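Please prepare a short briefing on the structure below.

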Amino acid sequence: MVTPLGESMAPQRPRRTGNQDHDGPGSSRPARTSPELLPTGGQGLPSGPGSLPALQRLAGNAAVTRAVQRSRADDQAATPLQRMPRRGTVTAPRTAAEPGTQRATREDQEDQIEQIAFLPAMWVPAEEFDADGRLVAPPTVAYAREQRGYRTDALRVGNPLPPRASTRLREGSVRTSWVVEYQTSFFVYRVQLINDRHGTSATLIDPTQPFTITQMIPKGSGGRSMGRTYRFGDFWGYNPGYAGVASADLAEQRGLDDANRVDRPTPDLVALPTDRRQPFVFYTRRITDSNFTHSDGSAHESRRFMSARRFDEQARDTPDRTFRQQVRVSNPPLVDRGTGGRSPMAAMGGVAAHALMPTTGHGGTRGRLASHEWCHLVGDGDGGPNWFDNLVVGTNAVNTEQLAMETALRDYVRSFSGLGCAIRLNVQALLERTEATAEFVPDNERDGYGRYNKADWISYAIDIIEAPGRRATEDDVRDARVLYPAVHRQIMDANRGVITESEFTSLHNEVRAKLRAAHDELSPPSPDVEHSPGSPMQYEYV
């Protein structure tokens, strides 16, 4: 349910302190040590909180990370690279090297590979944005050592090491070009690691010198449902009971395909639940999608609706054990959940969400989603912590409904940052008991059995605040000055069934349009100035 723009954010309940083992907005971390030249002769690896092992645990190397793209080989004839032999070594036999390499000893080749392994992170300048969400000063170089003005971590994507030579060969070679991807919260940087073009190092890598950034790729959500919606074709129509005006212009703004519009119900279609606050009715075919079924295999198509006022009344009266709330600014993490090893199930005692719902739910298999999932109140992609205070059991459909809003707002984080603003998320959940309990599952009662982890209703509210700063605490975020209240508020049925691609698209574009309106009001564009190409402000909807 969407409240009018005039309504305020959900009222604040008394603040709970609770267990805060996760890193909050104001948490600090030890300074990172700078990678150095690789030790040789069996010397030990670096250690400490900022060392390679700690960075590698954060950066991951999971199979889900993207493969690193190799750059084109340098034109050796135009700019030949000179190599300086090591003292006491014998120059490799003069045989032809493969393209993109030059002859070297096997020792130098192994040292180059291991040296690349010791560059798991780079420093890039602070990422500051203009009002269109574009980087003010795109950097041209990155550093392995911390430099003045370079204070943003960029972590390596995957483990992109050059191939080793065959053990049957007595000679080796070193790469003359090797491009590796490093990512921050907002960009993927492609960095050329071969930075010693004067041959002062036998490995052609000098960590004390800058590394050239060859390309910057903005990260974005793209507004995709990732195959989580109804899979057998869906349709939409105007809701005759809608309290407002559902027009063709509104449908176009929401990105609804007119070819899938239904003028009147037909026997082969199922109309999904709606109410007078919804401008559209969404339809599915009379085909049961196994992603949205009860434990007995019957279709799960139900959905309840609640007003924001009614939710707030219940939230005020509910005891602490049946209420959860998170108030945070959207701050995308450096690496995705898979790469960072942030498992909601592991955080919840190693128990899958559907295992706590054996009566109405079911597990997942290949090609079938589990009926229930651990849902983040503040999404992982917005920097929400992987801790029980931020996790509840909900159906896969309500998780997808929230994803439609999350993917819309994340594209605007940079744009509002350029105005000195931040997107604040106030997410509340009214809880009920799960159908089963399991040992070691935490909950509000801290008794280790997780009785109250099931969401009944979730309120998801978005507003724009004055940016609280990099070291802001949770109290700073709660108390920040509101610049644009009630951008959007959605009251979600955490037990709901099937969600269609049309509903996902409509909600996604509704939130985008409201964020665009908020941005324009906070920073009215000049009549003769167009938004920069590629800016999220350039598009009405996706």
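W236, Y238, F280 and F282 form one aromatic cluster; rings of Phe, Tyr and Trp (its six-membered ring) pair if their centres lie within 6.5 Å, with planes under 30 degrees apart counted as stacked, over 60 as edge-to-face and the rest as tilted. The model is predicted: local features need pLDDT of at least 70, side-chain atom pairs count only at pLDDT 80 or more, and totals for chains, interfaces and linings use all residues. Residues are numbered from 1 along each chain as its sequence is written, and side-chain values use heavy atoms, with hydrogens and water left out.

**Aromatic pairs**

- The structure holds eight aromatic pairs.
- Y143 and Y150 make an edge-to-face pair, because their ring centres are 4.9 Å apart and their planes stand at 85 degrees.
- Y230 and F232 are also edge-to-face, with centres 5.8 Å apart and planes at 75 degrees.
- Y230 is buried at 6% relative accessible area, whereas F232 is partly exposed at 35%; buried means under 20%, exposed over 50% and partly exposed in between (1.4 Å probe, protein chains only).

**Nonpolar core**

- The largest nonpolar core has 57 residues, and M122, L193, I423, I462, I464 and L515 touch the most other members.
- This core draws at least three residues from each of domain 1 (106-164 + 173-218) and domain 2 (304-522); the domain bounds come from an automatic or database assignment.
- A nonpolar core is a set of buried Ala, Val, Leu, Ile, Met, Phe, Trp, Tyr and Cys residues joined through side-chain atoms within 4.5 Å.
- In soluble globular proteins, nonpolar side chains tend to be buried together.

**Strand β15**

- Of the 12 residues in strand β15 (residues 421-432), 11 are buried; strands (E, at least two residues) and helices (H or I, at least four) are DSSP runs, numbered from the N terminus.
- β15 runs antiparallel to strand β12 (residues 323-329), joined by seven bridges; two strands pair if DSSP finds at least two bridges between them.
- R328 stands opposite L425 in β15.
- With strand β16 (residues 454-466), β15 pairs in the antiparallel sense over 12 bridges, and V427 has Y460 in β16 as its bridge partner.

**Residue E503**

- E503 is in helix α10 (residues 501-522) and is buried, because its relative accessible area is 7%.
- The side chains of E503 and R496 are joined by a polar contact of 2.8 Å; such a contact is a pair of N or O atoms within 3.5 Å, where within protein one must be able to donate a hydrogen and the other to accept it, and residues adjacent in sequence count only if both atoms are side-chain atoms.
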